[in-house]
Amino acid sequence: MVLDINNYLSNYSSWNSLRNYIIETLNLNLELNSDQETIDKIVIKSIREKSKDILLDESEVSTFDKKIRDYKNNNQKSLSFERTNLYRLLFVLEIDDMNEIFSFCRNIIHQQELSARSLDDFIVLCCLKLHISYRDYLKLNKSYEDRIKKMRLADKTLVYHITNEHKDYGIATINSIDALEKYVDEHIDEFARTRNTTYLMLFSCVSWKAWEEQEWINFFNIFSEDAPENYKSFTMEDWCDFANDGFGISNELMTKLIFVTYNGLIFDEFIDDEHITAYIIQKYKEDYEKDCDRPYNKRKYDTIYKILEKYRKDIQGIKKSLSIKDYYLRVFSLAQNGLSEEQINILAGKSSPYRNAFMTYDSYRDMYLRKSSSEIKQGVYLLSYIHHYDTVQGDYMCDENLGEYIPEEHICDLFNPKGSLDEQFRYINYIMAFGGFPELNENDMFNKLFMDVYKEVMTDASENESPAELKMIFLTKLSDYLKLITDKLK
């Protein structure tokens, strides 16, 4: 079976499921045998009329109405709800139950659910629960505007389970505006733009505790400002305590760990540490001074990480481990002789139906180093998961709030030729839910192609083919179809 790539070129929104939800929520009385166009007009008119009672003024009502119409018409700029219009939609529909809000985002409009770890999402969830008016919500949100703008992509420390704590012990217990403000002020340092679960799942190398004692010593010999006091005299027990206390690692230190892990800069015992440090500082000064008269956003050497990357070969010789660029291409090229960087950039284009699954290297690097305010997208998360699914540990399976428990023996079985398609898709959807993302759905072209290629590969699979072999067949076929698609998108 060969797929017709013309079926995977259009942008689609989740208008049908949203329309049906609005009909049910607003109890709209529709005449029998009404045609689809008539029903759509009734729904759009009804949601506009209701918004007049909720939103601030006619200007905001018109902006919201335009968004709904664009969403219905599959306007390529309006295939998802950005935060402002998503919040408006939730207030207009008066969804006040937290779990229903999560379900609405994931299952109706097929977007990542709101996160109790994100301050602006947290405030919205509380206000909806407390039935606070949209006008009063805006006033409250305004008071936290500066702090919301300063939120990092991920929290400054890798503290686990904060999202659930904000949900189960924050939102669940807050019963007034005063209680909301008090809770936010007491926990302000814990909020971030996205949950660490998503970030950690996307970049598996963030598991810094896997480092051995000598690797930490080498690291601290160069980055002495990050070293614990008296680390050179640490006993084995001290190192054990240090590793187990790793949940408090700073964002700045994590950035360095990520970079050096994938650039192999410091772990060569034949290189003199002092020489490396002096060399980096000298080159940094030379390049920065040479470039300092150019506009800030044009400078090539504004961070030490770019200096490290530029002079890595001079410092260490032939590369012995993956760079961030290597990791990027390994994920988005999909297979050996897979997508080129040029083709990846086409798929990541603003008008591409595949922009939720692909991104440019610059965007990826900035997100990797937590220098970007952009959120991680569902398709990017899915690609990264498929890339390293066989290394996922059993503790990903233990959250009872995300659905029925999935046995640990299925963890490395995603391409098991003996498994049913329903079982395999159910597992993928569980992983998507773990990151707060929607299930695979045909409204997203990458999801649609992903599912159809998976069905094609697994339907034709023999029981003699191993999961690893089938994974490579799948990624190669997916890459081949995407190459054809990029030719159409040029």
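Biologist: Arg69 and Asp65 sit four residues apart in helix α3, about one turn of the helix. Why is the meeting of their side chains called a salt bridge?

Modeller: The term asks for a side-chain nitrogen of Lys or Arg within 4 Å of a carboxyl oxygen of Asp or Glu. Arg69 and Asp65 are 2.8 Å apart, N to O, so the pair meets the rule. Bear in mind that this is a predicted model, where local features need pLDDT of at least 70, side-chain atom pairs count only at pLDDT 80 or more, and totals for chains, interfaces and linings use all residues. Residues are numbered from 1 along each chain as its sequence is written, and side-chain values use heavy atoms, with hydrogens and water left out.

Biologist: Which of the two, Arg69 or Asp65, is buried, and which is partly exposed?

Modeller: Buried means under 20% relative accessible area, exposed means over 50%, and partly exposed lies in between (1.4 Å probe, protein chains only). Arg69 has 38%, so it is partly exposed, while Asp65 has 8% and is therefore buried. Salt bridges that share partners also join Arg48, Glu58, Asp65 and Arg69 into one network.

Biologist: What makes Glu58 and Arg48 a link between parts of the chain?

Modeller: Their closest N and O atoms are 2.6 Å apart, in a salt bridge. Glu58 lies in helix α3 (residues 58-72) and Arg48 in helix α2 (residues 36-54), so the pair ties together parts that are 10 residues apart in sequence. Glu58, with a relative accessible area of 42%, is partly exposed, whereas Arg48, with 19%, is buried.

Biologist: How do you know that Arg88 and Glu60 link distant parts of the chain?

Modeller: These two side chains form a salt bridge of 2.8 Å, N to O. Arg88 belongs to helix α4 (residues 83-93) and Glu60 to helix α3, 28 residues apart. Both Arg88 and Glu60 are buried. By the salt-bridge rule, the count comes to 17.

Biologist: What makes a stretch a helix here, and how many helices are there?

Modeller: Helices are DSSP runs of H or I with at least four residues, strands are runs of E with at least two, and both are numbered from the N terminus. The protein has 24 helices and zero strands.

Biologist: What makes residues count as nonpolar, polar or charged in the lining of the second largest pocket?

Modeller: Ala, Val, Leu, Ile, Met, Phe, Trp, Tyr, Cys and Pro count as nonpolar, Asp, Glu, Lys and Arg as charged, and the others, Gly among them, as polar. By that scheme the lining divides into 13 nonpolar, 21 polar and 12 charged residues. Helix α4 gives the most to this lining, with three residues.

Biologist: And across the protein, how many of the 490 residues are buried, as a percentage?

Modeller: Buried residues make up 51% of the 490.
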